[in-house]
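Here are my notes for a first look at this one. Have the model open while you read.

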Amino acid sequence: MAFDISNSYMEEFDFMFHEMLKQRGTQLLPFVRQMPVQGDTKHLRQFNVGGAYFVDDTGGSTQYTQIYGDERTLRPRAFECPIELNKFDLVRQGTLNVQQIAQEAADACGVLIDDIILSGIYGPAKTKSSGSVSLPDSQIIGFAANDFSIAADVPDKVKNGLNVSKVADSVQRLRTKFNRGSLICVASNYALTTLRADPKAANSLWNASGPSLSLGQNAPYGGVDAFVPSERVEKNVTFSSGNTGEYAYVYARDQIFYGESMPLTMDEGKNAERGLNPVLIYSGMADCVRMQEEAVIKIQVKTN
């Protein structure tokens, strides 16, 4: 008689999968706004309202503010993570370690979710009025830009990396555009290392969060509420200068929307084409979009 996986195994697998997806599978999902999507698309309304004004002449005409409206679009794409368990291996090895397989599945789905989120942060945004809108060059900080003071003896890797100057510049630009919520920085481990190597960040006398940041802990620093390490950032990019490197991003959390029309759901059955081997399939549908170009800053990090 064939080796079968019990319902309790499936239930435990599904429970462990979702726990591990939240804990380590996806690194970026906690740092965006999440919402359900019904049907093929969801349109997010944009409104820009003009400012208030003082009334000096109580008998004068009312000066109405200008309202500009547009829409951003979420159009979730379907994705799957199919897992086939070989029935002969199940007999040889016994029931496979549920935690280990659930962890691998959660990591695989988490990588794809992070790719969706990063694409929403820096990729073309679907709009009603202008079609797809790319992030303008005005939102990019060059690898050689150090608008805030940086010591002359700082190593080139720090000058051209993700340093305190570029973090401060990003925060200043975002706050100037009325991004009032939490600010998040997403960067590779290399880029975050160049930040921690900056004497201003590494110096424990600089401020209270300096020691935590220099130890690699995720502590608020320089106006950024969280630093999220991710190796899914744009890499091997050739900049206009001809140098190569990667990007880091600083963005306003409340301006990035992640929409799901199908939350990750497990189905199980048998594969008739592979000897009726047990199969687990996680399926989902998701998309991500930024609401304003002024809510995202891209930072060039030179790596060559």
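1. Is Met 266 buried or exposed? Met 266 is buried, at 18% relative accessible area (buried is under 20%, exposed over 50%, partly exposed in between, with a 1.4 Å probe and protein chains only). This is a predicted model, where local features need pLDDT of at least 70, side-chain atom pairs count only at pLDDT 80 or more, and totals for chains, interfaces and linings use all residues. Residues are numbered from 1 along each chain as its sequence is written, and side-chain values use heavy atoms, with hydrogens and water left out.

2. Met 266 sits in strand S12, residues 256-271 (strands of at least two residues, E, and helices of at least four, H or I, are DSSP runs numbered from the N terminus). Leaving aside residues up to four places away in sequence, Met 266 touches Met 10, Phe 13, Asp 14, Leu 280, Ile 281 and Tyr 282 (contact is heavy atoms within 4.5 Å).

3. Now the salt bridges: there are 12 in the structure (a Lys or Arg side-chain nitrogen within 4 Å of an Asp or Glu carboxyl oxygen). One of them pairs Arg 45 with Glu 71 at 3.8 Å, N to O. That pair links distant parts of the chain, from strand S2 to strand S3, 26 residues apart. Arg 45 is exposed at 51%, whereas Glu 71 is buried at 13%.

4. Lys 298 and Glu 234 also meet in a salt bridge, at 3.1 Å, N to O. Lys 298 is in strand S14 and Glu 234 in the loop between S9 and S10, so the pair ties together parts 64 residues apart in sequence. Lys 298 is buried, at 9% relative accessibility.
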